[in-house]
Amino acid sequence: MRTPARPPLDGLKKRLDQSRTERARMPRDGFLRETFVLPRSDARLKAKEWFERFPKQAYWTEIESWFERPGDLIEFTIRRLPAAD
């Protein structure tokens with residue numbers, strides 16, 4: 001009885017390298033960031049949801065950057081602290 005061959009790990013190695021590269025580019029300032037690309041009305045609702053869930057006074061929540069994309073899409077990044085202290 002033969003031992004099955006090992007699966008190729010090229011895809012896994014490539015994904016790990018990408019993940020490490022992405023993390024290396026992100027600042028280590030303690031903030032959690034999330035980027036969204038949504039239609040304008042949905043973007044407003046998402047931002048409102050974040051500010052209600054993570055109040056600015058406690059989490060230092062803010063829209064870090066935003067861009068208008070073709071097709072009335074808004075790309076924006078929200079940042080906040082991981083916990084209210």
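The dialogue below goes through a predicted model, one feature at a time.

Colleague: Take helix 2 to begin with. How many residues does helix 2 have, and what span should they cover?

Modeller: Helix 2 runs over residues 40-53, which makes 14 residues.

Colleague: Which residues of helix 2 are buried?

Modeller: They are A43, A47 and W50. These residues cover an arc of only 60 degrees around the axis, which puts them on the same side of helix 2. The general idea is that an α-helix has 3.6 residues a turn, so residues three or four places apart point the same way.

Colleague: Which residues are exposed on the other side of helix 2?

Modeller: R44, L45, K48, E52 and R53 are exposed there.

Colleague: What covers the buried residues of helix 2?

Modeller: The cover includes three strands: strand 1 (32-39), strand 2 (62-69) and strand 3 (73-80).

Colleague: How do those strands pair, and how many bridges join strand 1 to strand 3?

Modeller: Strand 1 and strand 3 run antiparallel and are joined by eight bridges. In that pairing, L32 has R80 of strand 3 as its bridge partner. Strand 2 and strand 3 also run antiparallel, with seven bridges between them. Here R69 is opposite L73 of strand 3, and E62 has R79 of strand 3 as its bridge partner.

Colleague: Is strand 3 largely enclosed or largely open?

Modeller: Strand 3 is largely enclosed by the rest of the structure, because six of its eight residues are buried.

Colleague: Take R79 as a case. Is R79 buried or exposed?

Modeller: R79 is in strand 3. Its relative accessible area is 19%, under the 20% cut-off, so R79 is buried. Leaving aside residues up to four places away in sequence, R79 touches D29, F31, L32, R33, W60, T61, E62 and E64.

Colleague: Which ring does the charged end of R79 sit over?

Modeller: It sits over the ring of F31, at 4.0 Å from the ring centre. R80 lies over the face of F54, and there the distance to the ring centre is 3.8 Å.

Colleague: Now ring against ring. How is a pair of aromatic rings described?

Modeller: By the distance of the centres and the angle of the planes. In this model the count comes to five aromatic pairs. One aromatic cluster is formed by F36, W50, F54, Y59 and F76. W50 is also one of the buried residues of helix 2.

Colleague: What is phi of D72 near, and where is D72 placed?

Modeller: Phi of D72 is near 60 degrees, again a positive value in a residue other than glycine. D72 lies in the loop between strand 2 and strand 3. The hairpin of these two strands has three residues between them, and in it G71 takes a positive phi near 85 degrees.

Colleague: What does D72 touch?

Modeller: Not counting residues up to four places away in sequence, D72 touches L38, P39 and R40. D72 and R40 are 32 residues apart in sequence, yet their C-alpha atoms are 6.1 Å apart in space. At a relative accessible area of 44%, D72 is partly exposed.

Definitions and conventions:
Residues numbered from 1 in each chain as written. Predicted model: local features only at pLDDT ≥ 70, side-chain atom pairs only at ≥ 80, totals over all residues. Heavy atoms only, no water. Helix = DSSP H or I, 4+ residues; strand = E, 2+ residues; numbered from the N terminus. Expected span 1.5 Å × (residues − 1). Buried < 20%, exposed > 50% of the residue type's maximum accessible area, 1.4 Å probe, protein only. Arc of directions from axis to C-beta. Contact = heavy atoms within 4.5 Å. Phe/Tyr/Trp six-rings, centres within 6.5 Å; stacked < 30°, edge-to-face > 60°. Lys NZ or Arg CZ within 6 Å of the ring centre and 35° of its normal. Pairing = 2+ DSSP bridges.
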